[in-house]
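Student: I would like to learn how to read the features of a model like this one. Where do we begin?

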Amino acid sequence: DVCSSDLGMNIALVGPGIMEIPPKGWGAVESLIWDYATELGELGHEGTIINTPDRTQIIRDLTKEKYDFIHVHYDVFYDIMDYIHKACPDAKLAISSHYPYIDQPDRHPYDGYDKIYKWLIENDKYYNFCISYKDYETYKRDGANVDKLLVCPNGAQHRDYHFTEKPLKPSWTLYLGRIEPRKRQYLYQDIYGVEFVGKYTDTTSFDRNRDCYLGQWEHEYKLQHVTDYGNMMLLSDGENGTPLVIKEALVAGLGVVVSKYAAHDLDTSLPFVTVIPDDKWEDIEYVQMKLIENRKISVTMRKEIRQYGVDNFSWQKLVKTYVENIEGMK
């Protein structure tokens with residue numbers, strides 16, 4: 001059985017093993033795993049991170065201690081769930097997917113995701129901790145066992161993010177994220193007043209030699225300087241719920257201009273949340289107008305924006321729910 005929260009649980013968080021945790025720069029999944037471990041510690045639990053691509057080493061590491069709960073944060077490891085269960089039979093076990101196109105089945109074949117998704121739907125042995133309500137509804141729609149679905153949204157570590165009521169660059173928009181086709185930064189480089197930050201990949205026509213590209217920020221620099229901007233934009237064509245970067249923007253006091261895919265968990269009726277319709281993605285004048293409108297509103301509501309972010313997306317709140325979900329597992 002899972003031990004009571006009064007005594008504290010010993011929880012293993014299994015990462016992809018692709019980059020270090022915590023990440024020095026880009027790495028949303030790695031950042032959230034670190035935040036889980038940190039916040040679990042604040043609540044009196046032990047969060048141990050296991051982060052290697054070697055499946056055999058994962059099993060070996062998991063057997064070094066007795067864990068109450070093991071959470072696999074990489075759906076590619078679905079094929080060792082039975083081995084984990086056999087090696088750690090007394091531990092509760094769950095898996096999460098961070099794949100951005102779960103609700104877009106036409107994308108699955110191109111990404112080699114068919115087999116993984118089939119397993120996620122047919123699995124009725126292990127819990128699936130869905131990182132958004134959008135994913136929960138998609139699994140449910142496709143016939144997954146709802147008794148094994150739990151929603152555990154990702155949050156933002158608001159205590160780490162610097163906040164100022166008066167930004168240094170109120171007339172500028174930050175586009176923060178890995179430079180890749182899914183996030184479509186290449187479409188918006190001609191808009192004056194937008195600065196792009198993120199790890200560059202050569203899979204896109206984005207021009208990294210232009211002044212609007214500031215390169216990749218170190219993690220600590222990001223924590224201090226997101227709050228410098230008037231707002232943030234992210235017009236991606238697929239997300240696994242509201243992206244971490246948008247939640248981080250909100251706790252730093254920034255309004256947001258997003259695609260519908262990046263707005264799943266947001267209250268879109270709020271004046272500092274602007275959703276760009278799909279048919280307006282390439283209408284540069286329209287997007288620029290909406291960015292300006294959002295900035296003007298957002299710079300007057302910085303405290304309200306931060307409070308909204310903290311109230312809805314703080315890890316402090318969400319990890320308490322996470323612990324309750326673990327304790328409620330059968």
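Student: How many cavities of 30 Å³ or more does the count come to?
Tutor: First the rule. On a 1 Å grid over the protein atoms alone, a cavity is a set of points where a 1.4 Å probe fits but cannot get out, while a pocket is an open set with protein on both sides within 12 Å along at least five of seven lines; a lining residue has an atom within 4 Å of a point. By this rule there is one cavity of 30 Å³ or more. Keep in mind that this is a predicted model, where local features need pLDDT of at least 70, side-chain atom pairs count only at pLDDT 80 or more, and totals for chains, interfaces and linings use all residues. Residues are numbered from 1 along each chain as its sequence is written, and side-chain values use heavy atoms, with hydrogens and water left out.

Student: How much space lies in the largest cavity?
Tutor: A volume is the space filled by probe spheres set on the grid points, which are joined across faces, edges and corners. The largest cavity holds about 30 Å³.

Student: Which residues line the largest cavity?
Tutor: Its lining is Y36, V151, C152, P153, L318, T321, Y322 and N325. Helix α10 (residues 315-327) gives the largest share, four residues. Helices (H or I, at least four residues) and strands (E, at least two) are DSSP runs, numbered from the N terminus. By type, the lining has six nonpolar residues, two polar and no charged. Here Ala, Val, Leu, Ile, Met, Phe, Trp, Tyr, Cys and Pro count as nonpolar, Asp, Glu, Lys and Arg as charged, and the others, Gly among them, as polar.

Student: And what lines the second largest pocket?
Tutor: Look for Y133, V151, P153, K247, D265, N312, F313, K317, L318 and T321. V151 and P153 also line the largest cavity, as do L318 and T321. The second largest pocket has a volume of about 170 Å³. α9 and α10 are the elements that give two or more residues to its lining. The largest share, three residues, is from α10. This lining splits into five nonpolar, two polar and three charged residues.

Student: How many salt bridges does a search of the whole structure find?
Tutor: Side chains of opposite charge can pair when their charged atoms come close. The cut-off: a side-chain nitrogen of Lys or Arg within 4 Å of a carboxyl oxygen of Asp or Glu. The search finds 18. One of them pairs K66 with D90, with the closest N and O atoms 3.4 Å apart. This pair links distant parts of the chain, 24 residues apart: K66 sits in the loop between α2 (55-62) and β3 (69-72), D90 in the loop between α3 (81-87) and β4 (92-95).

Student: Are K66 and D90 buried or exposed?
Tutor: K66 is exposed at 58%. D90 is exposed at 52%. Now take E180 and R182, whose closest N and O atoms are 3.3 Å apart in a salt bridge. E180 is buried, at 14%, and R182 is buried too, at 17%. Shared partners join E180, R182, K183 and E239 into one salt-bridge network.

Student: Which residues of helix α5 (residues 133-141) are buried?
Tutor: An α-helix has 3.6 residues a turn, so residues three or four places apart point the same way. In α5 the buried ones are K134, D135, Y136, T138 and Y139. They pack against α4 (114-122), β5 (127-130) and β6 (149-151). D135 and K134 form a salt bridge, with the closest N and O atoms 2.9 Å apart. After α5 comes G143, with a positive phi near 95°.

Student: Which members of the largest nonpolar core touch the most other members?
Tutor: A nonpolar core is a set of buried Ala, Val, Leu, Ile, Met, Phe, Trp, Tyr and Cys residues joined through side-chain atoms within 4.5 Å. This core has 48 residues, and the answer is Y188, V226, M232, M233, I246, L250 and L266. α7 gives the most to this core, five residues. A second, separate core of 33 residues includes Y67, L120, C130 and Y136.

Student: What is M233 in contact with?
Tutor: Contact means heavy atoms within 4.5 Å. Leaving aside neighbours within four places in sequence, M233 is in contact with T173, L174, Y175, L176, Y188, V194, V257, V287 and L291.

Technical notes
Buried means under 20% relative accessible area, exposed over 50%, partly exposed in between (1.4 Å probe, protein chains only).
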